[in-house]
Amino acid sequence: MDQEQQPDTHARLAPGAPSIDSSRIAEVSLGTARADLERREQVFHVGDLSVAYGGKLALDGVSLDIYGNTVTAFIGPSGCGKSTFIRCFNRMNDLIVGAGVEGVVQYHGKDLYAKDVDPVEVRRRIGMVFQKPNPFPKSIYDNVAFGPRVLGQKKGLADVVESCLRRAALWDEVKDRLEDGALGLSGGQQQRLCIARALATSPDVLLMDEPASALDPIATAAIEDLMHDLKREYTIIVVTHNMQQAARVADMTAFFSVNIHEDGKGRHGILVEYDATTKIFTQPADKRTEDYVTGRFG
Amino acid sequence: MSRKARGRLFVGAMVLCLAVSFGTLGWLLVTTFVDGIPGLTSKLFTAPPSTQPDEAGARPAILATVYIAALLLLMAVPIGVATAIYLEEYAHKERWYNRLLELNIQNLAAVPAIVYGILGLAFVVRGPFGIGRVLLAGAIILTLVVLPTVIISSREAIRAVPESISQGGLALGATKWQVIWRQILPAAIPGIATGSILALSRAVGETAPLLLIGALQYVAFDPTVLGPFTALPVQIYTWIKLPDPEFQALAAAAIIVLLAIVLTMNAVAIFLRNRFRQNW
């Protein structure tokens, strides 16, 4: 499988890099790739995270670390809790009545769910792009300027709009019609506009919840190229049900699966395996991962 | 009977029902216009009522109706929209008191206007507020009449704004209030405006609660907000009771004016709905 697994020249070597699980690397031939990734700054640390909706368990006991300037993909069958999980990183689950999050999510070492943390501030630093493009029914310009405006910025908006549209590879297509309505753009353009809009609040993480599932193959390729470019400046977490996409864009991949309860009624998601993408797709450690990536299941 | 014949019979029955409703309406309109056109003179708009039919006009009543409509807009729309925002965006739908509130609002929309008149007479005209038989009292009572409708239609307009839009705003670090103020309300305004105007146009034609609180039947001076008043429907009612056919003609003319006001409001509502309709 053709993959971008080369060490990224932009990788930041964090001074206090997390300890590396050397035994694991020794046993894995592809361990060097993972070791390189793990030397990067640890942006998120998730410890024993469980999410329940109205008392019903949706996701149980997930622990993993997310590294800076890396694309991390969450894959797995429907109902495995991957979308639920990604929403824990910017506290979007808070908005659902009856949702309960237990466990630890640390962002640069700070507990995201601590009492003194304002979810509004979290969401500014950790941007999100949704499955279905959701541009606001405003002009292209106003869409990108929305984030800075709600944060109180009034000056220099034109520069912000231009630089974000450039970074989202949309500037050349829309520079002559910034005042046109965003709903007139094609689906792929709308999704890139949503990415530009998310970049405008200067986040350092981008969460993407199946960002290309509503797009055609060409628009999908554009989004994937963009993810490659963006990881130089941002940490990207992407949920996808498309395994090829995970293989193409992600450095690290987490495979989630569904645990059906013994009574046969309830079900919840679990993290099965988390490793370098190459390893997940070529030498998975878990039988369930192997079945899934080889297409025997899911 | 063959299946085709049964189908034709059914269509025929539907056309008959349509004819009954439209025929009645058309006949009413025709007779009103035939009776009223001669009375539609400039005097109707400039002169106060009089015991002499050829000197009588409806200026105080028309002005009062316009004032009432304006006051309704100022009172019913902000209160109704604020209530709708609370119920849609803040209220926990699982809580019993919020569900009770919802049920009550729906029931209140079906309460006859005269019941609000009784309430108004007891609480606004007399009782705790005791502001007397003034135009403001009439406007307050009509506000109560239309409030449930304004709340229900505003809620529907707010609910029609897709969740993905507010989620997008929140994900950008906007506060809940910013999302409501900058995204949900602007997107819901066409629906809110349409519903509110239709509710208002209904209220403008209400007679019973105004009669009950004692709108005067002869007002020879221009109304003020805190003064005694009449209103167009009350004026029509007054004239229609009189035996003199010339007053009947005046009543018909006043009906045409009231119809024109109501239809204009409805036309504005339809225009707003079509002009600002949002396709998500």
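1. Among contacts in chain A between residues at least 6 apart in sequence, what percentage join residues at least 24 apart? The figure is 71%. The model under discussion is a predicted one, and the points below should be read on that basis.

2. Chain A as a whole. The secondary structure of chain A consists of 12 helices and 10 strands. Chain A has 298 residues, of which 46% are buried.

3. Strand 8 of chain A. This strand covers residues 235–239, and five of its five residues are buried, so strand 8 is largely enclosed by the rest of the structure.

4. Neighbours of strand 8. With strand 3 of chain A (residues 71–75), strand 8 pairs in the parallel sense over four bridges; here Val238(A) has Ala73(A) opposite it. With strand 7 of chain A (residues 205–209), the pairing is likewise parallel, and five bridges are formed. Met208(A) has Val238(A) as its bridge partner in strand 8.

5. Helix 5 of chain B. This helix spans residues 113–125 and bends by about 30 degrees at Leu119(B). Its buried residues are Ala113(B), Tyr116(B), Gly117(B), Gly120(B), Val124(B) and Val125(B). These buried residues pack against two other helices of chain B, namely helix 6 (135–159) and helix 9 (208–212). After helix 5 comes Gly127(B), which has a positive phi near 55 degrees.

6. The contact between the chains. How many residues does each chain bring to the contact? Chain A contributes 22 residues and chain B contributes 15 residues. On the side of chain B that touches chain A, helix 7 (163–171) and helix 8 (176–204) of chain B each supply at least two residues. Helix 7 of chain B gives the largest share of that side, with six residues. Classified by type, the side of chain B that touches chain A has nine polar residues, six nonpolar residues and no charged residues.

7. Domains of chain B. The domain assignment divides chain B into domain 1 (3–39) and domain 2 (43–275). The C-alpha centres of these two domains of chain B are 30 Å apart. Where they meet, six residues of domain 1 are in contact with eight residues of domain 2. The side of domain 1 that touches domain 2 comprises three polar, two nonpolar and one charged residues.

8. Ile37(B). Is Ile37(B) placed in a helix or in a loop? Ile37(B) sits in the loop between helix 1 (3–36) and helix 2 (42–46) of chain B. Within 10 Å of Ile37(B) there are 13 other C-beta atoms. A residue counts as exposed at 12 or fewer and as buried at 20 or more, so Ile37(B) is classed as partly exposed. Gly26(B) lies 11 residues from Ile37(B) along the chain, and the C-alpha atoms of the two are separated by 16 Å.

Notes. Residues numbered from 1 in each chain as written. Chains lettered and ligands numbered in written order. Predicted model: local features only at pLDDT ≥ 70, side-chain atom pairs only at ≥ 80, totals over all residues. Pairing = 2+ DSSP bridges. Bend = angle between axes of the 7 residues up to and from the residue. Contact = placed C-beta atoms within 7 Å. Nonpolar A, V, L, I, M, F, W, Y, C, P; charged D, E, K, R; others polar. Domains from an automatic or database assignment.
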